[in-house]
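Visitor: I'm new to this structure and would like a close look at a single part of it. Could you take me into the nonpolar core and show me what sits around it?

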Amino acid sequence: MKLPRSARIPSIAAIFGIVPLVFLPLAACQGQPVAAPAETEQPGAAVAEPSGVTGSLPASEYFETLTETAFSATPAQLDATIAQARAAVARDRRTLSPPVAALLDERLRQIADAREGLNRADLAIASIEAFRLVVSATSTAGGVPLEVSLLDYAGFRYGADLKAPVVRWDDAAQAADFAAEQWALISARVSDQALRSRFGAAVAAMAASARNRDAAGAALAGATELDLVDELETFFAHG
C-alpha cells in the first residue's frame with residue numbers, strides 16, 4: 001500500500017505548526033524494553049472497534065498508509081485511516097503480548113492527540129512507531145524478513161523528520177543509522193548485486209545527507225530507500 005515514488009519525496013517547507021513529541025530512542029526500535037507510561041491501560045485492555053468500520057488488512061498496513069498520507073490527507077481522510085487502524089488493532093490484539101499491546105495502546109493515544117491538534121509530523125511519527133511495534137511482534141509473511149520491514153520503518157521515520165516544520169536532523173541521523181544497522185544484517189542475503197549496490201548507496205546517502213544537513217540530498221536519498229524497500233520485498237517474496 002505504498003504511494004508512488006513522487007508522493008514520497010519529502011517537502012521541507014513548513015505545512016502546519018506543531019508541538020514536537022518526545023521521540024522514542026532509536027534503540028527502542030531494536031527490541032529493547034521500553035517502560036509504558038504510568039497512564040497506560042492495563043496490558044491486554046481492549047481498544048473498541050469503531051462502529052461500522054472494518055480493518056480487513058493487517059494493522060501495519062493502515063499505520064503505514066497513515067504515515068504516508070499524514071502530511072497530505074484531509075482531516076476526514078485521516079479519521080478514516082485511523083478508524084481502520086484501530087479496528088485492525090482491536091481485531092488482532094489477541095495475537096500480541098500484553099507489553100506490546102500496552103505500548104500499542106500508547107501509540108494510538110499519541111495518534112489521537114496529534115490528530116486532535118492536526119500536528120501532522122507528530123502524527124506521522126506516532127503512526128510509524130505503531131507500524132514498527134506491529135511488524136516486530138507478528139510473523140513475517142511470504143518469506144520477507146523482518147529487517148526489510150524495519151528498513152521501511154527507518155525510511156518513513158527519516159521522511160517524517162524532514163517534513164517537520166523545523167527539520168529534525170538529529171533524529172533523521174538516528175533513523176539513517178538504524179537503517180544502516182538493518183541493512184548490515186540482511187545485505188549478504190541479497191544475491192541481486194545491482195539491488196544490493198543501489199540499496200547500500202541509498203542508506204549511505206541518507207546518513208551523509210543528515211550529517212551534512214543537506215535537505216535536497218536527504219529528500220532524494222529517503223525516497224530512493226523507500227522505493228528500494230519495495231524491490232527488496234519483491235526479491236525476498238519471489239526469491
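Guide: Here is a walk through the core, starting with the overall build and ending at a few spots elsewhere in the chain.

Keep in mind that this is a predicted model. The protein has nine helices and zero strands, so if you follow the elements from the N terminus on, they run α-α-α-α-α-α-α-α-α. Of its 239 residues, 50% count as buried. Among contacts with a separation of 6 or more, 79% are between residues 24 or more positions apart.

In soluble globular proteins, nonpolar side chains tend to be buried together. The largest nonpolar core here holds 68 residues, and the members that touch the most others are Phe63, Tyr158 and Leu232. The elements that give two or more residues to this core are helix H2 (59-69), helix H3 (75-92), H4, H5, H6, helix H7 (169-186), H8 and H9. H5 gives the most, with 11 residues.

Let's zoom in on tyrosine 158. Leaving aside residues up to four places away in sequence, tyrosine 158 touches Ala172, Ala175, Ala176, Ala205, Met206, Ser209, Ala210, Ala218 and Gly222.

Helix H6 covers residues 146-163, which makes 18 residues. From its first C-alpha to its last, H6 reaches 26 Å, close to the 26 Å expected at 1.5 Å a residue. Of those 18 residues, 16 are buried, so H6 is largely enclosed by the rest of the structure.

A pair of them is described by the distance of the centres and the angle of the planes. A search of the whole structure finds three aromatic pairs. One of them joins tryptophan 183 and phenylalanine 199: the ring centres are 4.6 Å apart and the planes sit at 25 degrees, which is under the 30-degree cut-off, so this pair is stacked. It links distant parts of the chain, with tryptophan 183 in helix H7 and phenylalanine 199 in helix H8, 16 residues apart. Both of these residues are buried. Another pair is phenylalanine 235 with phenylalanine 236, and that one is edge-to-face, at 5.0 Å centre to centre and 85 degrees between the planes. Phenylalanine 235 and phenylalanine 236 are both buried as well.

The side chain of aspartate 105 makes a polar contact of 3.2 Å with the side chain of arginine 93. The C-alpha atom of aspartate 105 is also 9.0 Å from that of valine 89, a residue 16 places away along the chain.

Leucine 118 lies in the loop between H4 and helix H5 (120-137), and its phi is near 50 degrees, a positive value in a residue other than glycine. Arginine 213 is found in the loop between helix H8 (193-212) and helix H9 (215-238). Its phi is near 55 degrees, again positive in a residue other than glycine. Arginine 213 has a relative accessible area of 51%, which is over 50%, so it counts as exposed.

Terms used
Residues numbered from 1 in each chain as written. Predicted model: local features only at pLDDT ≥ 70, side-chain atom pairs only at ≥ 80, totals over all residues. Heavy atoms only, no water. Polar contact = N/O pair within 3.5 Å; in protein donor to acceptor, adjacent residues only side chain to side chain. Helix = DSSP H or I, 4+ residues; strand = E, 2+ residues; numbered from the N terminus. Buried < 20%, exposed > 50% of the residue type's maximum accessible area, 1.4 Å probe, protein only. Expected span 1.5 Å × (residues − 1). Core = buried A, V, L, I, M, F, W, Y, C linked by side-chain atoms within 4.5 Å. Contact = heavy atoms within 4.5 Å. Phe/Tyr/Trp six-rings, centres within 6.5 Å; stacked < 30°, edge-to-face > 60°.
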